[in-house]
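Here is a short report on one protein model.

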Amino acid sequence: LRDLAAVQASPTIATDQLEQVQSRMRLGSAQDLDQAVLALRRLARKAKERRVAEIEALSGADTAAASATGGGEKGGPAAWTDQELSLLSKALAKYPGGTRNRWLLVSNHINNAGVSAARRSEDDCASKAGQLKAKAVAAGKRQNGDVAAPDAAAAGGCAWTAQEQKQLEAGLQRFASLPDAKERWRSIAADIPGRSAKECAMRFRQLREDLLKRRAGETGAEGPASSS
């Protein structure tokens, strides 16, 4: 029956529509009608159960995907595995500081290996590299711990040491040719254990402002040239 096929295609048909279909069906007896109604209801119930199962399966797949990629907004990035750390170490050696698009190449090196479901971004790799370098420095005795400038704390985080100042200046010269500012500061920070790209940029701006103020003060102290 065409009406029966229509109900099978759309098992969630409303009760009043089902009754209309029943009234149009040409059946030989009341018993046949009752059997047809029961069959239609069974089809509707099974279709509804299948739909609920499909929705639950899709929901479960979304949850698993979120866990694999780091747990979503609240979970943050997943913990680094030993395999990923090994790949990171090899990538850092393969693409040393100064390499164009260094952190993009490093992240691709890790992601393309397929050792983890979590994808590592450029920021993830730069941040992790900085953390590993900071731990390596902290493991030994840190030298030259004197403060580079009294106002260094204002340039982001704790006071800068003379050693960090030297590393910053070396990084500014080393990575001056990088056209992308974000990539440049990430590369500079990677060579200064414990310092982020933001802190390095803030420190540079602070030093530049101090230099401009000092020059302006020197110019004002000289005064206008006297004429004979």
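## A positive surface patch

Arg42, Arg45, Lys46 and Arg50 form a patch of positive charge on the surface. Patch members have over 30% relative accessible area and no salt bridge, and like charges are joined within 9 Å. Lys and Arg count as positive, Asp and Glu as negative; His and the chain ends are not counted. Each charge is placed at NZ of Lys, CZ of Arg, CG of Asp or CD of Glu. Arg50 sits in helix α3 (residues 30–68).

The model is predicted: local features need pLDDT of at least 70, side-chain atom pairs count only at pLDDT 80 or more, and totals for chains, interfaces and linings use all residues. Residues are numbered from 1 along each chain as its sequence is written, and side-chain values use heavy atoms, with hydrogens and water left out.

## Overall fold

The protein chain has ten helices and zero strands. Helices (H or I, at least four residues) and strands (E, at least two) are DSSP runs, numbered from the N terminus.

Of the 228 residues in the protein chain, 26% are buried. Buried means under 20% relative accessible area, exposed over 50%, and partly exposed in between (1.4 Å probe, protein chains only). The protein chain exposes about 15100 Å², and carbon and sulfur atoms supply 52% of that area. Areas come from the Shrake-Rupley method with a 1.4 Å probe; for residues, only the protein chains shown count as cover.

## Salt bridges

The whole structure holds nine salt bridges. Each is a side-chain nitrogen of Lys or Arg within 4 Å of a carboxyl oxygen of Asp or Glu.

Asp123 pairs with Arg186, with the closest N and O atoms 2.8 Å apart. This pair links helix α7 (residues 122–139) to helix α9 (residues 181–190), across 63 residues. Asp123 is partly exposed at 39% relative accessible area, whereas Arg186 is buried at 10%. Arg186 also bridges to Glu183, at 3.2 Å between the closest N and O atoms. Arg186 and Glu183 are about one helical turn apart, because they are three residues apart in helix α9. Glu122, Asp123, Lys182, Glu183 and Arg186 are linked in a network of salt bridges.

## A buried asparagine

Where does asparagine 111 lie? Asn111 belongs to helix α6 (residues 102–111). Asn111 is buried, with a relative accessible area of 14%. Asn111 touches Ala118, Arg119 and Arg120, not counting residues up to four places away in sequence. A contact means heavy atoms within 4.5 Å.

Note on methods
Patches are made of residues with over 30% relative accessible area and no salt bridge: like charges are joined within 9 Å, nonpolar side chains (Val, Leu, Ile, Met, Phe, Trp, Tyr) within 5 Å.
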